[in-house]
Amino acid sequence: MADQAWNAPEEELTGERYLLMTDRLSRIASDDLVPEKYRDYFKKGAAFLLKTAKIYEKKKDGRLAQRSMAECRADQEALYAHIAPNHYAESYANPEYAVSVLGEEAGQMLTLLCSEMEGCIAYAFQGKQMELTLLFELFVQVYNCLEEDDLKEARDTIYWFFHDYSEIFVENVIHDMICPEDNFFSDIVMNADLSDLRYLYLYGLPVSENDLAIAAFLNTLEEQEIQAMADTYTEGYRIGFENAGIDLSKKKTAELDFPIGFERMMRAAIENFRKMGLAVTAAREPVSSFSNKGSGKRGVYSTSVNRQYDFDHREDRAYYFDKAFTERYLEVYRTVFEQHKEEALTYAGPAVVEVFGESPFSPENKESAIHFDKEQEKLNVHFASERGMIIYNYIPGEERSFTIIAYPTPEIGAQFEEIFAETVKVNTLDYKKYQAIQQRLIDTLDGAERVHIVGCGENHTDLMVAIHQLDDPDTQTAFENCVADVNIPVGEVFTSPVLAGTDGVLHVTEVFLNGLQYQNLELVFKDGKIDTYSCTNFDTADENRKYIKDNVLMHHDTLPMGEFAIGTNTTAYRMARKYQIQDKMPILIAEKTGPHFAVGDTCYSREEEVERKNPDGKYIVAKENECSVLRSEDPAKVYFNCHTDITIPYNELGAITAIYPDGSTADIIRDGVFTVEGTEELNGSLREG
């Protein structure tokens with residue numbers, strides 16, 4: 001395909017500044033004006049930025065799409081070598097190295113700057129001259145400050161950069177989410193020659209052998225196989241609106257989140273969405289701390305070059321994060337949404353493709369990395385809540401939906417093609433069959449006062465979950481019968497627990513949450529809220545607690561249990577056991593392979609007033625808890641803007657038992673099998689697994 005044209009008006013506005021900066025960078029690459037300790041950093045940094053300028057020039061004159069595969073690979077090597085694992089130990093992108101060479105104050109500042117400059121890759125490939133020029137100017141301004149070794153002035157320069165250019169960054173984030181016109185990513189999907197894998201190098205994302213291999217594999221599938229995958233994905237999206245009673249015909253845009261390599265499926269999906277009357281949007285994986293770079297894969301993304309690098313920079317925003325910045329950001333966020341309020345109202349929600357197969361990752365926790373302090377953690381919680389409220393005001397939760405589906409990538413191992421075929425089967429299981437089986441579980445659970453969950457073997461879970469009571473059992477239910485719509489694949493019943501009386505220990509010997517490994521994760525609940533927590537990843541208890549607080553509690557002092565669910569997809573469990581990929585399963589599938597417990601908001605967050613019914617016609621009444629019931633008083637204090645599922649696999653489960661008000665009991669699961677009449681079919685896969 002031909003390169004999408006760069007922004008000509010933008011070229012006129014910033015062209016002279018851009019040329020001045022490239023000239024200045026050329027001189028920085030060869031002069032010695034800063035103190036000697038900084039020279040290597042700035043010479044390497046200037047050389048890197050000039051490489052991105054060359055990419056921009058190729059984009060501008062249409063040469064990017066004409067590169068040979070060898071040129072594509074060479075450009076990639078030049079752009080990402082500094083964060084590759086084999087070079088990372090002595091890279092300024094590594095906080096540990098930067099601090100060891102430059103000292104703590106300068107090292108943290110310049111490793112942040114190094115990471116921010118990586119955004120120039122994205123801006124060059126998209127032809128965004130303004131953003132490219134702004135980053136060039138930031139680098140040069142910091143260089144100028146350090147000519148006099150003025151660290152305070154350099155720090156202020158970085159702070160005011162993010163403050164002063166908030167409008168540009170926020171506009172990019174919101175526009176890419178809700179405005180479909182001239183979308184860089186959908187243009188590649190719809191117009192590139194997908195049989196020529198050079199197209200992957202047009203995104204400006206790092207292209208791994210894994211990304212190349214999945215694209216090559218999808219090219220071997222018949223068109224009807226690709227169409228079936230796309231149909232499962234988009235039909236789940238449509239059914240999500242139908243089941244929620246939301247009129248999809250009033251919507252105009254759907255947002256695509258997908259990994260590169262899946263373009264054949266996404267092309268078919270875009271055509272399906274068009275038939276529904278929906279245009280598509282797609283945004284790049286975040287490239288700046290401003291938009292939470294390193295906090296997880298979302299948008300259009302690729303395999304990480306270095307997951308330790310991502311982890312090291314996940315809290316870089318702390319370098320300039322204060323009350324004035326948050327007020328400025330939120331003011332701009334609200335203003336930009338107001339400018340795009342019509343597009344926001346017709347935004348339908350995200351349609352997400354996740355992938356799994358990466359080797360387990362347990363990060364190294366570096367003191368040298370930038371971290372939020374305690375005051376910033378509290379401020380960040382407030383910031384996330386206020387931002388969530390702004391989004392909800394312009395895109396009401398009760399008027400949007402979503403869907404998520406997952407597939408393996410070749411990185412999963414030699415049996416990839418078998419696992420891929422099995423995953424397709426799991427994603428297309430007969431939801432009517434599961435709906436009937438799950439109704440048997442709900443019939444047993446409804447009316448229970450509490451549910452008792454205990455582990456077995458090395459799992460020492462002993463947890464009592466309090467259940468909402470029903471005023472009218474003939475018309476009400478406490479559990480949702482979840483089939484394959486928004487969360488593909490099929491397979492769970494869930495509820496929002498009553499917090500008072502939800503007590504005990506939740507323990508999992510090993511679990512992966514948001515791409516991070518936890519060993520012996522233990523959460524102790526008291527009246528439904530996390531009281532204490534621990535794991536065994538690191539040498540000290542303090543390190544382990546901080547790891548959990550940062551990445552599970554999301555900087556909150558505590559979180560409530562927002563969901564209790566029982567997964568029923570024993571076919572997925574059998575697949576994981578058969579191929580020994582339990583440690584690589586995404587939470588989307590893993591949560592269906594045992595009981596799971598979400599900490600944070602409920603599944604009905606900000607949609608508590610929306611009436612929802614199960615297929616049997618009963619109204620779901622367990623949609624709030626003692627936190628969210630206070631939403632009319634101060635919504636900013638009752639929503640936590642996170643929801644993390646933690647699953648106990650069937651093989652670590654001793655029993656799940658419903659306990660009724662009169663003291664009688666009924667087992668749901670006992671000794672690793674379902675015991676409710678009508679659920680026997682689930683046990684075949686459990687015994688095989």
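Me: Which residue just after α2 takes a positive phi?
Reply: G62 does, with a phi of about 85°. The model is predicted, with local features needing pLDDT of at least 70, side-chain atom pairs counted only at pLDDT 80 or more, and totals for chains, interfaces and linings using all residues. Residues are numbered from 1 along each chain as its sequence is written, and side-chain values use heavy atoms, with hydrogens and water left out.

Me: How do you know what span to expect of α2?
Reply: A helix is a DSSP run of H or I with at least four residues, numbered from the N terminus, and its expected span is 1.5 Å times one less than its number of residues. For the 25 residues of α2 this gives 36 Å, and the reach from first to last C-alpha is 36 Å.

Me: What do the end C-alpha atoms of helix α10 say about its span?
Reply: They agree with the expectation, because the 13 residues (166–178) should span 18 Å and the ends are 18 Å apart. Among the buried residues of α10 are F169, V170, I174 and M177.

Me: Why is P35 called partly exposed?
Reply: Its relative accessible area is 25%, and the class lies between buried (under 20%) and exposed (over 50%), with a 1.4 Å probe and protein chains only. P35 sits in the loop between α1 (8–28) and α2 (36–60).

Me: What does P35 touch, not counting residues up to four places away in sequence?
Reply: P35 touches L146, E147 and D149, where contact means heavy atoms within 4.5 Å. P35 and L146 are 111 residues apart along the chain, yet their C-alpha atoms are separated by 7.6 Å.

Me: What makes T111 count as buried?
Reply: Its relative accessibility is 1%, so T111 is counted as buried. T111 belongs to helix α6 (residues 104–117). Outside four places in sequence, its contacts are Y92, A93, N94, P95, A98 and H313.

Me: Why can the buried residues of α19 be placed on the same side?
Reply: The residues concerned are F416, I419, F420, E422, T423, V426 and N427. They cover an arc of only 165° around the axis, so they lie on the same side of α19; the arc is that of the directions from the helix axis to the C-beta atoms. On the other side, E417 and K425 are exposed. The cover over the buried residues includes α12 (209–218), α13 (223–244), β4 (347–356) and β5 (403–408). As for length, the 12 residues of α19 should span 16 Å, which agrees with end C-alpha atoms 16 Å apart.

Me: Which members of the largest nonpolar core touch the most other members?
Reply: Of its 153 residues, F42, L110, F139, Y203, Y233 and F337 do. Helix α8 (residues 129–147) supplies the largest share, 11 residues. A second, separate core of 58 residues includes I437, L445, L653 and I669. Each is called a nonpolar core because it is a set of buried Ala, Val, Leu, Ile, Met, Phe, Trp, Tyr and Cys residues joined through side-chain atoms within 4.5 Å.

Me: What does Y233 touch, not counting residues up to four places away in sequence?
Reply: The contacts of Y233 include L256, M265, F273, V352 and I488.

Me: How many disulfides does the structure hold?
Reply: The structure holds 0. For C642, the nearest cysteine sulfur, that of C627, is 11 Å away, while a disulfide is a pair of cysteine sulfur atoms within 2.5 Å. C642 is buried, at a relative accessible area of 10%; C179 is buried too, at 1%.

Me: In what order do the 8 strands of the open sheet lie?
Reply: The order is β13-β12-β11-β7-β6-β18-β19-β20, with antiparallel pairing. A strand is a DSSP run of E with at least two residues, and two strands pair if DSSP finds at least two bridges between them.

Me: What makes β13 and β20 the edge strands?
Reply: Each pairs on one side only.

Me: How many bridges join β6 to β18?
Reply: There are 6, between residues 450–455 and 653–659; V454 has A655 as its bridge partner in β18. Strands β7 and β11 pair over 4 bridges, with A466 partnered by V498.

Me: Over how many bridges do β11 and β12 pair?
Reply: The pairing covers 9 bridges, in the antiparallel sense, and V505 stands opposite V524. Their hairpin has 2 residues between the strands, and N514 takes a positive phi near 55° there.
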